[in-house]
Amino acid sequence: MYTTKQALAYIQTAMGINPIDYKCTMREMFFVDTKTGKATFNNALPSADERINMTLNTSWDSIVTNTDGSVTLRRTMKYSGKNYQVVTTLTNVGGMKIRISNYMQLFDQLISANQNTNLASISQARTKFNMAGDTIEDVIHTMATATSTYNFDPYEFASGELTIQIMTSPGTKAGRLKLTGTLHRNGSPITHDKMRWEVWPGTAPTGLPNTTSNRNASAQFPTSNSFEITTDLRDRTAYPIMGSGEIRVVCMASTKESDGDVVQVLAEKIISSPVLQTFNYFGL
Amino acid sequence: MKDYYLYQISDAVEEQINVSQLICVASMTKVNGQTIMDTNEQPALELFNEKSIEAVQGGWNILDGRTPVAFVEITEEGCDYRYYNRANKHLATVVKCLVFADSSVDGIVNPGLQIEVSNGVATCTNITTINGQLWSDAQANRAIQMKGFHYVVTKVSDGNFGSVKYLLEGNGYNQLGASRKEFVTIAKQAGPNVDYVWTAKDQADAEEEVLAFNFIAAVKNESSYLRINFSQIFNS
């Protein structure tokens, strides 16, 4: 069994990329209605914040490197009491691009069992994936494999020049942990223009300065360089988080380069703290 | 003169659980064998609207009429109450975490209208409460950053809001809130300062005109609609 942290570290070693730097620029899949088994092609744009590491934010049964250098991660998902395979493969397709495919065994079985209602989408997939002469099993297998292409947009600054340090310290009340982010250039702290945080698993956005301009998740996270988190929902003035034990924090800060270009720096930290080791809110 | 509120909490419920001070801060929904966390803050009032209550082992059953539809228990584990959407909590598909609200942070909004009919003109005054206070008296806080109301007049058949016909959308709002915060007027005949005229033809129609009102508490944060039929309005 591999945790998210282990999976991210494995990919970094095996593929030489830092998944935190990658965001999703395209996503397409045949979405399958689990009631009717009807498959519909869906190429909705991913949200701006979706990154590889969000896709990988789960535990895995196995991780292997394939002969072509791609990495395959396997896990099982439960649906209606049965276990189904989910196979995620990351492939370096050149030009700093990474493609991720997610094979969903559940979708495969649903489409196979409902071939008659899916004639149009199977035909669409044959054209789309250039599979005119392939067996129907192979076409359905491809349909059940959602693909995403992730694009890496390299920063202008030299690697390592700009960094963010995420530090933790005791909160102002029992049961709280304080997070502070500081932007550094060549190891010395500098001021940032904007800072934004995301915390997984998070919950209700209370107790923090926020832009309130909309209800998108990003705007609900703090924009200050330090804030406090708690696992106690009753604490109405700290940022409450779900679950217990381990959290993943992403801090984004932007600054202006001497040529006026705005650069954004991302840092991620997985934090384990006894303060966060409490209970499950839902009593399950 | 008559007051209408979106959420009606019975005294029996309020005696057992201080519902009007509770806010739902996290929900867990079981879907397809997985669980989804929802984090929008909502007043807990909706869960107890027009419900009754009975104390049972370990907590309370929430009843719809005589049928237990939910179970509530006190907890110390991160929240104050847990709400299960089944009387048997082990069968629940939705679990909600309820906590006592802090009026400096939270907003518990119960949309309300006071209706006064005089000379065929119904004046529907906004009497929404925020954290138990009249909206105009409640202090702005993190959840309540602007105050205002938005209303629509719709035509519905048999209470079916799925295929409403919009007759009027009033009190447009922007980031600063609604243009008029206090009231809306409806009359049976055209006159000065009347927002909507309920014509004789409409009154004779089988379809019903409904005034739907929601309260704007924060940017893009609105309450559910309080809906009142025109016939109810003019009988107030």
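A residue is counted as buried if 20 or more other C-beta atoms lie within 10 Å of its own. In this predicted model, strand 9 of chain B, residues 94-100, is mostly covered by that criterion, with 5 of its 7 residues buried. For chain B as a whole, 36% of the 236 residues count as buried.

Strand 9 of chain B has pairing partners in strand 2 and strand 8. Strand 2 of chain B (residues 22-31) runs antiparallel to strand 9 and pairs with it over 7 bridges. Within this pairing, B:Thr29 has B:Val94 of strand 9 as its bridge partner. Strand 8 of chain B, covering residues 81-84, is also antiparallel to strand 9, the two being joined over 4 bridges. Here B:Tyr84 stands opposite B:Val95 of strand 9.

A further set of pairings involves strand 11 of chain B. Strand 11 (residues 112-118) pairs in the antiparallel sense with strand 1 (residues 2-5) over 4 bridges, and B:Gln114 in strand 11 is the bridge partner of B:Asp3. Strand 11 also pairs with strand 12 (residues 121-126), again in the antiparallel sense, over 6 bridges. In strand 12, B:Ala122 stands opposite B:Val117. The hairpin of strands 11 and 12 of chain B has 2 residues between the strands, and B:Asn119 in this hairpin takes a positive phi near 50°.

In total, the secondary structure of chain B comprises 3 helices and 23 strands. Among contacts in chain B between residues at least 6 apart in sequence, 52% join residues at least 24 apart.

Definitions and conventions
Residues are numbered from 1 along each chain as its sequence is written. Chains are lettered from A and ligands numbered from 1 in the order in which they are written. This is a predicted model: local features need pLDDT of at least 70, side-chain atom pairs count only at pLDDT 80 or more; totals for chains, interfaces and linings use all residues. Two strands pair if DSSP finds at least two bridges between them. A residue is buried if 20 or more other C-beta atoms lie within 10 Å of its own, exposed if 12 or fewer, and partly exposed in between; C-beta atoms are placed from the backbone. Two residues are in contact if their C-beta atoms, placed from the backbone, lie within 7 Å.
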